Every structure is written in structure tokens, then in C-alpha cells.
Amino acid sequence: MPKQSRRDFFKTTAALSAVTAGVTSTKIKAESKDYIPDKAMGVLIDTTACIGCRRCEWACKVAHDMPTASLDTYNDRTVFNEMRRPDHTALTIVNEYPGKELDQFPIDVKFQCMHCNSPACVSACIVKAFHKHPNGTVTWDGDKCIGCRYCMVACPFQIPAFEFDKAIEPDIKKCDFCFERTKVGKLPACVEICPNEVLTYGKREELIDIAHKRIELYPDKYIDHVFGEFEVGGTSWMYLSSKEMPKLGLPDLPRATAPGVSESIQHGLFAYFVPPLALYAILGGVMWINKNRKNSDTEE
Amino acid sequence: MEEHLKPMPIKRKFITPGVLVLIIIAALGMTALLLRYIFGIGFVTNLSNQYPWGIWIGLDVALGVALAAGGFTTAALGHILHKDKYHAIVRPALLTAALGYTFVAVSVMTDLGRWYYIWHPLIMWNGNSALFEVGICVMIYLTVLYIEFLPIVTERFIGRVNLPGFLSAFNKSIDKLLRFLDRILDKTMFVFIIAGVVLSCLHQSSLGTLMIISGQKMHPLWQTPVLPLLFLLSAISVGFPMVIFESIISSRSFKLKPETDILKGLADIIGPLLAIYLAFKIGDMVIRKSFVYLMEINTVSVLFTIELVVGIIVPLRMFFSRTMTKSIPGLFIASSLVILGVLLNRLNNFVVAYTPPYATGPYIPSVGEILVTLGFVALEVLIYRAAVMIFPVISQPKPAESVSKYSVKGV
Amino acid sequence: MKKNLLIFTLVLFSSAFIFGQNKKAAVDHSQVKGLTCKTCHSCDIPTKENPCLINCPRDLMVTIYQKPKDAPAEIIINKVKDNKDLYTPVKFTHLAHAEMAEMSGGCISCHHYNPPGDVIPCSNCHEPKRKREDITKPDLKGAYHRLCNDCHRAWSGKNDCNACHTLNAQYAGGKKQPIISKDKKRIHPEIKTPEIIKYETPKTNKGKMVNFAHTQHINTFGLECQSCHKNDACIKCHDQRDKSNAKPATFTQKHKNCLACHDTNNNSKCNMCHTNDAKDVRFNHKARTGFDLSKFHSKLSCVRCHTTKGKFTGLSSKCSSCHGAWDLTNFNHAKTGLKFDETHAEFECESCHKDAVYNKPDCSDCHDDKTYPKDKPGKLVR
């Protein structure tokens with residue numbers, strides 16, 4: 001049986017979509033207009049340098065005024081026994097994966113919102129509660145959100161978290177790239193605290209260069225792949241690692257942007273409201289003809 | 001034949017043993033619903049950050065919209081194509097659609113974390129969002145449905161406005177208002193009828209676009225860029241089976257003679273519609289070569305096969321068989337299968353096919369979620385029963401004495 | 001006057017000496033062996049403004065090697081101090097760490113860029129500020145921590161900040177915490193070479209253990225520590241990670257160290273090393289083959305005699321099988337440590353050495369009244 005990989009499917013899918021939506025393939029471009037290369041900042045996560053001290057988790061909570069246990073409790077490494085995900089109580093978390101070989105150290109990987117160049121959440125949100133800022137940050141606006149959770153359905157990284165236990169004003173919680181801090185020239189809290197500088201903050205384009213140089217310099221240390229350079233049209237946060245990315249919880253994703261297909265269908269169906277109006281006119285015509293025929297029938 | 005039939009309120013006892021069961025189910029559902037509004041969504045449902053949407057969206061909303069498609073398909077058949085023969089079923093279908101969409105709206109509100117902001121999409125637009133399109137269309141269509149239903153209300157109450165107590169002072173002015181509305185609507189109804197069909201086509205398909213953005217999270221058996229087309233085609237093909245299903249049930253329930261002739265006429269249309277839907281579904285599968293996933297046996301492939309075989313192919317064969325479409329049980333079974341197929345399709349699309357990248361387990365709806373869903377269905381049936389007893393919806397043999405348009409005028 | 005002259009000469013000499021040292025400190029490209037432009041520079045024409053030095057580590061450029069004792073015993077690391085810091089500075093026992101480094105890479109394991117001259121501080125290249133222009137290399141804090149953590153996570157798999165730091169007063173309930181201070185004289189204990197290393201091999205049916213004759217291997221084959229232990233980091237001895245969940249090592253991984261000389265893939269030869277007897281040191285060249293390597297052949301590598309790879313049997317113990325026929329013309333007996341006197345120098349070899357391996361003869365074979373070692377047939381030269 002010819003076994004096709006799931007990824008191949010989505011490639012076919014993306015190609016097909018251009019035809020079915022009746023639009024030109026230029027609509028499915030790699031970057032949305034929200035992405036401005038000159039201004040886009042990013043973070044390069046070098047997982048080979050991470051030791052899993054989880055100070056980023058602590059700093060994140062402090063920076064966002066979220067309740068946190070004392071700093072000492074973060075030394076507890078038993079939390080790595082299970083795979084965690086960012087949720088409404090922690091916008092970033094670190095998971096630990098086994099090392100490449102028996103005698104190598106476990107690999108610690110920090111997870112948070114990737115701040116996609118073409119964010120699915122921004123495209124999906126029914127009320128535009130998500131916004132992609134020129135510096136790459138994707139933020140959420142609680143004054144608009146209606147709590148439909150479509151952003152969670154759309155996100156390819158399963159990042160937005162919802163406060164399911166709240167009956168009134170439940171929030172969508174996700175990393176905001178410390179927007180309030182970067183606005184005043186500060187570094188994101190996690191970047192600032194990281195003892196090993198696993199997280200390098202800088203211009204996204206520059207970070208991509210640095211990442212490739214590092215791979216070139218240490219070909220034995222790194223997998224030749226900068227996760228987030230092209231995935232779903234590129235992300236602000238990118239990863240380097242010594243082990244295949246899917247084994248470190250970084251999913252195998254296509255290069256096409258997450259909202260590309262659905263946006264082209266939407267825009268195809270509603271191109272200047274022509275298709276709906278045309279349908280209206282046709283139906284009206286049919287109705288008119290049938291009515292006249294009926295009337296002439298009865299007159300006879 | 002139709003001159004002997006006239007829509008009239010049905011005079012029967014409201015409470016029957018079956019109705020009592022429905023009331024109990026509805027009460028349980030409303031209790032669960034109350035808990036959701038007091039303690040939050042997490043208290044009642046099994047939804048999580050992994051599975052943000054469950055059966056409240058997959059069944060209550062998506063299936064609700066699909067099964068209410070009878071409203072626009074019969075409107076198109078009866079009014080736009082002007083097949084007068086089918087006028088008798090337009091009103092029940094309209095009532096079902098109006099009720100269905102009302103419950104869709106209520107379900108959406110139940111599922112919204114911040115339900116009190118449900119009006120936000122009206123002023124905060126996002127043209128890129130399929131959900132925005134669905135939301136706006138459903139809101140407008142719901143309004144259109146109520147407008148389409150208004151003539152039934154005016155027909156019932158013109159000349160019979162009889163408010164109790166001090167409100168009786170308004171009797172006259174309300175009567176005048178109703179007559180005014182009736183006159184206006186009579187002239188403008190075609191605008192709303194066409195709008196209803198257009199809006200339905202738009203949001204039935206956009207409902208399919210909804211899940212496309214989930215990309216790889218959705219199983220390739222269902223994830224396809226033609227999802228909107230498949231949703232529209234399945235909605236159109238489930239519209240008439242739903243009308244048949246309902247008509248047979250209500251005629252049994254109210255001990256009326258089923259309108260065999262009309263139903264058979266509908267059945268003849270269903271065959272080709274189902275065939276088109278099947279062709280697109282198979283064609284999509286062949287083009288994307290997604291059939292390879294059917295070669296291995298697991299929950300996903302089994303459910304897809306059931307959806308395809310039991311939900312489309314079997315009823316398709318039945319609707320093309322003369323002996324089947326002639327008999328009421330045959331029609332009923334075939335229609336039920338189509339409905340089941342669409343039910344399964346919506347459930348598959350929104351729940352079964354959805355596998356988040358960091359899933360730790362499957363999503364299984366909680367008792368609370370199921371109770372709310374069943375509660376809404378029960379409530380809908382009860383309101384339908386009440387409505388057909390109040391309003392002239394279901395056509396019955398016309399009593400000889402009534403002649404004028406407003407049969408109860410001056411009573 | 002004489003005294004002044006002496007002082008003057010001293011000053012002259014010392015300044016000349018210092019000048020000489022300084023001159024050496026400038027980058028003298030010709031002095032470094034095997035140096036090409038590309039060793040240090042990434043572009044073709046480096047200028048003073050843009051030297052385009054290649055990325056670190058640039059250990060190829062390191063030319064100066066210093067002794068642990070040359071460096072300070074203790075350094076307080078407080079160059080990245082900030083009043084919002086969570087933790088107090090660290091007192092770094094440089095001497096102890098330098099001693100430890102001697103066992104593997106030496107200074108270079110931390111000071112990976114060290115142009116000719118004194119060892120340069122980290123902060124020369126690594127900026128103390130995290131928000132900076134040049135993000136190609138880690139900032140100072142990151143650079144420090146990466147060096148520390150690379151080994152420290154090996155001890156226990158833990159990277160507790162508290163292992164080196166104490167909390168600053170504002171995070172420790174207002175109490176001022178002392179800086180963690182370790183005995184600055186503490187150095188790594190001398191590593192003793194074990195005589196025999198016992199490896200438990202309970203899973204194989206070929207024998208429950210391998211008694212590895214460590215010292216014997218070193219002496220027989222003239223090995224240095226680095227010959228086998230060249231890639232060993234601290235973790236070799238200090239690994240305390242939980243191995244209960246670890247995947248079992250593969251056959252190749254287990255036999256990695258022996259594989260270079262022993263044919264571990266040959267199933268019939270397992271009992272060359274594996275045994276059930278705790279006292280059985282499997283391979284002793286003299287005991288196993290009757291051929292003593294310790295006297296004259298200890299410096300030879302195995303392949304000098306065992307020329308076919310993986311085949312060690314069938315070699316004759318006769319001297320002539322390797323050396324050809326010895327006679328008076330081609331054998332200098334003095335090499336054995338005994339230089340014959342005139343009388344004995346005349347004899348053919350076989351006159352005294354009756355057997356093929358030239359065992360030591362007894363004086364009584366020829367003489368009735370002489371005994372060795374009281375009476376020697378010549379002079380001991382070693």
C-alpha cells in the first residue's frame with residue numbers, strides 16, 4: 001500500500017485549494033501583510049544550551065503578575081516527568097526530552113507562543129481580538145474577545161489557553177512576547193533572566209543568519225534545521241536543536257501559512273460581494289420567470 | 001389536491017406520555033445548562049486546551065444548522081422554483097428552520113466563554129474569519145426566518161388580538177400593526193425569501209471553511225479545501241430528508257394522514273442531490289488520494305466508512321428504488337439514514353477528525369454536555385409541538401365553512 | 001659606583017627582557033605553526049577596522065599554555081552585577097578548576113580564545129549587557145553559565161542555582177546571605193591508576209565478569225592516560241544521573257574501548273576476557289603464550305608482531321621467527337645488560353644458549369667452580 005505522509009497530504013491540499021477557491025495561487029503567500037521584516041523581532045532558542053532551570057517560567061509569571069510559587073520550588077525537577085503545555089496559569093513552560101544518545105544530557109525545550117508571521121489566531125478571530133504588531137508580537141485584546149475559542153482550534157502550535165473554570169470574563173491566555181516591556185526598551189522577562197542565554201533576542205532576520213552560522217560552525221552539534229524559519233510561513237520564535245525537532249515536541253509543519261487556505265476561500269467567496277450578489281440575482285431571475293410562467297398558466 | 005388542504009392550528013392535547021419524557025429530558029438539560037452559566041464551561045464539559053470545541057459546536061451548532069437546511073431548500077423549491085404542490089411543507093420546514101436556528105444561536109451563546117459579548121461581531125468585523133462569516137450570516141438569516149414566519153403570526157392573530165386585563169387597551173393598535181405588517185410583507189416577502197436562500201448557501205458552506213484553518217490537526221480523510229462545497233452539498237441533500245422525517249413523525253404524533261404524494265415528490269429530488277454529494281466526496285478522496293487511510297482499520301477509518309456507506313450510499317440506493325419511495329416506512333428509513341450520515345459527518349468533522357499536536361488523550365463528551373444537547377433537542381420538539389398547536393403551520397383537510405383568507409376573522 | 005652600575009645593568013636587562021616579552025605578545029603570524037589566514041579570519045582581506053575574526057571557539061589560535069598555579073586561586077565573579085539580581089556573586093575557585101581541567105583539555109577547555117600573551121578575561125569578548133548590538137556570541141552572563149553548567153550538570157544532573165549562588169537579600173526575606181565560599185586550597189585528589197578493573201557482565205552467558213588488567217595494559221603496551229581516556233569529561237567519574245530508565249547500552253557501546261585491539265565480534269573468543277573466576281585476570285602474555293613481553297618487548301605495539309588484524313595465534317616464540325638468525329656479527333650482547341669479557345665474546349651464541357629462545361644459561365654447564373651472579377661472564381652495563 002502506498003503510504004503517503006500526512007504532510008504530503010497538506011501539500012496537495014494547499015495546491016488544490018487554489019483551484020477550488022477559484023483564486024490565483026498568489027493569495028497563498030508565505031507572509032501576511034502584518035509581517036514587516038525590518039521591524040520584526042524574534043528569539044532564537046538554542047536548546048543545546050538549556051539546562052532546564054525554569055527561571056524563565058518564574059520570571060514570566062512575575063512579569064505578568066500571575067501567582068507563582070517561591071523561586072526555590074523551581075529547582076524541583078520531578079515536573080519533567082510529564083510533558084506539560086503552556087496554559088492559563090503559565091504562559092511558558094520547559095519540558096525535558098531524553099538526549100540523543102544514552103550518555104548525553106536530556107534536552108530541555110521551552111515552549112511559548114511562537115508569534116507566527118502569519119498567525120492563524122489573528123486570521124481566525126471572529127472579532128479581531130488578536131493583533132499582530134510590527135515588531136512581531138501577537139497580542140490578545142480582552143475587551144473584544146467573546147470566548148469562542150476558534151483561535152485555539154486554528155493555532156497549529158496549540159498555544160492559546162482558555163480559563164475554562166471561569167463563568168464570567170474567562171480570558172484567553174498566551175505569551176505576549178512581553179509587549180509592555182519591549183515597548184519601553186526592556187527585554188522579554190524570560191530572555192532577561194535566562195542564565196545561559198539560551199534565548200537570544202534580536203532582529204528576526206539577523207537571528208536566522210546567526211542560527212545558520214552556528215549550524216555551520218558545529219555541524220556535529222546541531223541538526224541542520226532552524227525550526228520556525230519557514231514553518232507555517234515563519235515564526236518570531238525559532239529553535240536550534242541537536243535532535244530531530246518532532247522528537248522534541250516541535251511538530252512537523254508545512255511551509256504554507258496556517259490561514260492561507262481558509263483566507264483564500266473566504267476572499268474567493270466574498271470577492272467584493274460579487275458571488276453572493278450574483279447568486280441573489282440569479283435566484284431572483286428564476287423566481288420571476290417561474291412566477292410569470294405560473295401566472296400565464298393560470299390565465300390560460 | 002392542495003385546495004383541500006389548509007394550514008391550521010392543530011387541536012390536540014399537549015401533554016402525552018412522550019411529551020412527559022421530553023419534558024424530563026429538557027429539565028435535566030436545562031439544569032446542566034444552568035450549572036454551565038453559574039460555574040463556567042469547565043465545570044460541565046470535558047473541553048480543555050487540547051479540545052476547545054466539543055459536541056456543543058459539532059452537534060448543537062454545525063448539525064443544527066445542517067438539519068435546519070430544510071427551511072431554505074423547501075423555500076427554494078416552493079417559492080423560487082414555484083412548485084405549488086410543495087407549499088404544504090413550506091410552513092413546517094420554516095418553523096423547523098426558525099426553531100433550529102434559534103437553538104443554534106442559544107447553543108453558540110452557551111459555548112461562548114463570554115456569552116454576553118455575543119453582539120461583538122456586529123461591530124467588530126474580521127473579514128478573514130470564516131467564523132465571522134458564519135456568525136453574521138446566521139444572525140441575519142435568523143432575522144430573515146422570523147420575518148418569513150411573521151405572516152403566519154399575523155394570519156393567526158389578525159382580528160383575534162385579545163390581551164388580558166389592562167393590556168386590552170392596546171388590542172386595537174396591535175391589530176392595526178399586524179395588518180400593516182401583513183400588507184408590507186405580502187409585497188416584499190420575495191426579497192426575504194431569496195435572501196434566505198443566499199444567506200443559507202453562504203453560511204452552510206462557510207461552516208465547512210471553519211475547520212480548514214486547523215490544518216494538520218484535522219485528519220486528512222476530512223481535511224480538504226473543498227470542505228465548504230461538501231458542507232453545502234450535504235446540507236442541501238439533508239434538507240428534504242429532514243422534512244420527510246419530520247412530516248412522518250408529526251403526522252404519526254398528531255394522527256394525521258401523511259402527505260404521501262408530496263413526500264414522494266421530495267424523495268425523487270433527494271436521489272440526484274445525494275448522488276452529487278457522493279460524487280464530490282468520492283472525487284475529493286480520489287484526487288487527494290486520502291483513501292490510503294481507509295486501508296487501515298481504526299476509529300477514524302471505520303467512522304468515515306459508516307458515514308459514506310450508511311449515510312450516503314445506502315439511502316441513495318433506497319431513494320432510487322420505486323418500492324422504497326412508495327412506502328412510508330421506506331421513506332422514513334432512507335431519510336433517517338441521510339440524517340444519520342450528516343450527523344456523523346458533522347461530528348466527524350468537528351470532533352473525531354480533530355487531533356491536536358499535543359493531545360494526551362481523546363475527547364469524550366461529558367454527561368453534562370450530552371444532557372444539554374439532548375435537552376435542547378427535547379425543548380425544540382416541545383416548542384415545535386406547542387407552535388403547531390398555536391399557529392397555522394401544518395396543513396390539514398380544510399373545513400368546509402371557512403372561505404376567506406383569514407379563516408378566523410371576527411371570531 | 002659599582003653598585004650603581006649593577007643596578008643599571010639589571011634595569012637594562014630586565015627592560016630588555018620585558019620588551020622582548022611584549023614584542024612576543026604582538027600577533028606574530030609567522031611564529032605560529034600551521035597558521036593560515038583562514039585560521040583566524042573569515043574574510044580574505046582583514047583590516048584593522050574589520051578584522052573579521054571567525055566565530056569562537058578559536059582554540060586553534062591558542063599558543064600559550066600556562067600552569068594552573070600561574071593563575072589566581074580564587075576569583076569573585078561580579079562583572080555582571082545588577083541591583084535587581086536574584087543571586088549573590090560567585091566565588092570561583094579557579095585553581096581547583098584549573099587542576100581539574102588539566103585532566104582533559106587544560107586551560108583551553110574554558111579559555112577557548114587566547115591569542116599569544118596573557119590569558120584574556122571573558123569580558124574582553126563577551127559583553128556584560130544582555131541587550132546589545134552584537135548578538136552573535138553570548139553575553140557575559142550566558143558565557144559564564146555555559147562554561148559552568150556544561151560540567152556541573154554532570155555531577156548530579158541538577159543545575160541548582162543554589163549550588164553556587166545564594167539568594168540576594170531582597171528575595172531571601174531581607175536576610176543578607178553569605179557568598180558561598182569553598183576552601184581555596186581544595187584541589188582535585190590525585191587519580192590513582194587501578195591495578196585491575198572488574199566489570200560485571202551478568203547478562204552474558206560467556207562469563208560473569210571481565211577482570212581488566214589495567215596496569216598490565218599500560219605497562220605492556222606503554223600507554224599514556226590520554227591514549228584511552230582522551231574523550232573523558234568529568235562525567236566519566238562524576239555521573240550521578242538516574243540510569244534506571246536509560247536504554248541499555250548496545251553491544252558496540254559496551255565493547256567500545258576493547259574493540260581497537262580485540263576482535264569482540266568473534267563469538268568464539270568471548271572467553272578471552274569474560275570469565276567466572278574473580279581472580280582470573282584473563283590475559284597475561286607470559287602466562288597465556290609463554291612469551292614474556294616485559295623484558296624487551298614491552299614498548300612494541302601489538303601489530304608489530306601480530307601483523308594480521310584480529311589474528312593473534314600461531315606466532316612462533318622463537319627469536320628467529322622475527323629477528324632472523326642471530327650470530328656474533330649482528331647481535332650486540334651489551335643490549336641485554338651484560339657486556340662480555342674478552343674470553344666469552346669469542347663464543348658462538350649456541351655454545352651457551354642451548355634453546356631456541358636464548359634462555360639464560362647456567363655457569364655450571366661449562367664451569368665447575370663458577371656461579372652466577374657471583375661470577376659474571378663480563379660486565380653489567382645497566
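Modeller: Two strands count as paired if DSSP finds at least two bridges between them. Keep in mind that this is a predicted model. In chain C, 3 strands make an open sheet in the order E3-E4-E5, with antiparallel pairing. Its edge strands are E3 (196-200) and E5 (274-275) of chain C, and each of these pairs on one side only. The pairing of E3(C) with strand E4 (residues 209-213) of chain C is antiparallel and has 5 bridges. For instance, Ile196(C) has Ala213(C) as its bridge partner in E4(C). What holds such strands together? In general, strands of a sheet pair through backbone hydrogen bonds, either parallel or antiparallel.

Now take that idea into chain A. Strand E1 (residues 41-46) and strand E8 of chain A run antiparallel and are joined by 5 bridges. To find one of them, go to Val43(A), whose bridge partner in E8(A) is Tyr201(A). E8(A) covers residues 199-203 and is mostly covered up, with 4 of its 5 residues buried.

Another covered piece of chain A is helix H2 (residues 55-63), where 7 of the 9 residues are buried. Have a look at who they are: Arg55(A), Cys56(A), Glu57(A), Trp58(A), Ala59(A), Cys60(A) and Lys61(A). What do they pack against? Strands E2 (93-97) and E3 (107-111), plus helix H6 (189-193), all of chain A. Just after H2(A) comes Asp65(A), which takes a positive phi of about 55°.

Chain A also has charged pairs of its own to look at. In helix H5 (residues 179-183) of chain A you'll find Glu180(A) and Lys183(A), 3 residues apart, about one turn of the helix. An α-helix has 3.6 residues a turn, so residues three or four places apart point the same way. The side chains of Glu180(A) and Lys183(A) meet in a salt bridge, with N to O at 3.3 Å, and both residues are exposed. Compare Glu163(A) and Lys166(A), whose salt bridge is 3.4 Å, N to O. Are these two buried or exposed? Glu163(A) counts as buried because its relative accessibility is 9%, which is under the 20% cut-off. Lys166(A), at 35% relative accessible area, is partly exposed.

Next, where chain C meets chain A. Here 35 residues of chain C are in contact with 34 residues of chain A. Together the two chains bury about 2900 Å², 53% of it on carbon and sulfur atoms. Three residues, Arg130(C), Ile135(C) and Arg153(C), supply 25% of the area chain C buries against chain A, more than any other three residues. Two kinds of link can be counted here: 2 salt bridges and 11 residue pairs in polar contact. Helix H4 (residues 140-156) of chain C gives the most to chain C's side, with 8 residues. Sorted by class, that side has 13 nonpolar, 8 polar and 14 charged residues.

Zoom in on Arg130(C) and Glu197(A), whose side chains meet in a salt bridge at 3.6 Å, N to O. Arg130(C) sits in the loop between helix H3 (94-102) and H4 of chain C, and Glu197(A) in the loop between H6 and E8 of chain A, so this pair joins two chains. Both Arg130(C) and Glu197(A) are buried. The pair is part of a network, too: salt bridges that share partners join Glu197(A), Arg130(C), Arg132(C) and Asp139(C).

Last stop is chain B against chain A. There, 78 residues of chain B are in contact with 78 residues of chain A. The buried area is about 6600 Å², with 62% of it on carbon and sulfur atoms. Chain B and chain A share 2 salt bridges, one of them between Asp111(B) and Arg149(A) at 2.9 Å, N to O. There are also 29 residue pairs in polar contact. Among the elements giving two or more residues to chain B's side are helix H1 (17-39), helix H7 (130-157) and helix H8 (171-209) of chain B. H8(B) gives the most, with 12 residues. By class, chain B's side has 47 nonpolar, 23 polar and 8 charged residues.

Technical notes. Residues are numbered from 1 along each chain as its sequence is written. Chains are lettered from A and ligands numbered from 1 in the order in which they are written. This is a predicted model: local features need pLDDT of at least 70, side-chain atom pairs count only at pLDDT 80 or more; totals for chains, interfaces and linings use all residues. Side-chain values use heavy atoms; hydrogens and water are left out. Contact means heavy atoms within 4.5 Å. Buried area is the accessible area (1.4 Å probe) that two parts lose on being put together, summed over both. A salt bridge is a side-chain nitrogen of Lys or Arg within 4 Å of a carboxyl oxygen of Asp or Glu. A polar contact is a pair of N or O atoms within 3.5 Å; within protein, one must be able to donate a hydrogen and the other to accept it, and residues adjacent in sequence count only if both atoms are side-chain atoms. Ala, Val, Leu, Ile, Met, Phe, Trp, Tyr, Cys and Pro count as nonpolar, Asp, Glu, Lys and Arg as charged, and the others, Gly among them, as polar. Buried means under 20% relative accessible area, exposed over 50%, partly exposed in between (1.4 Å probe, protein chains only).
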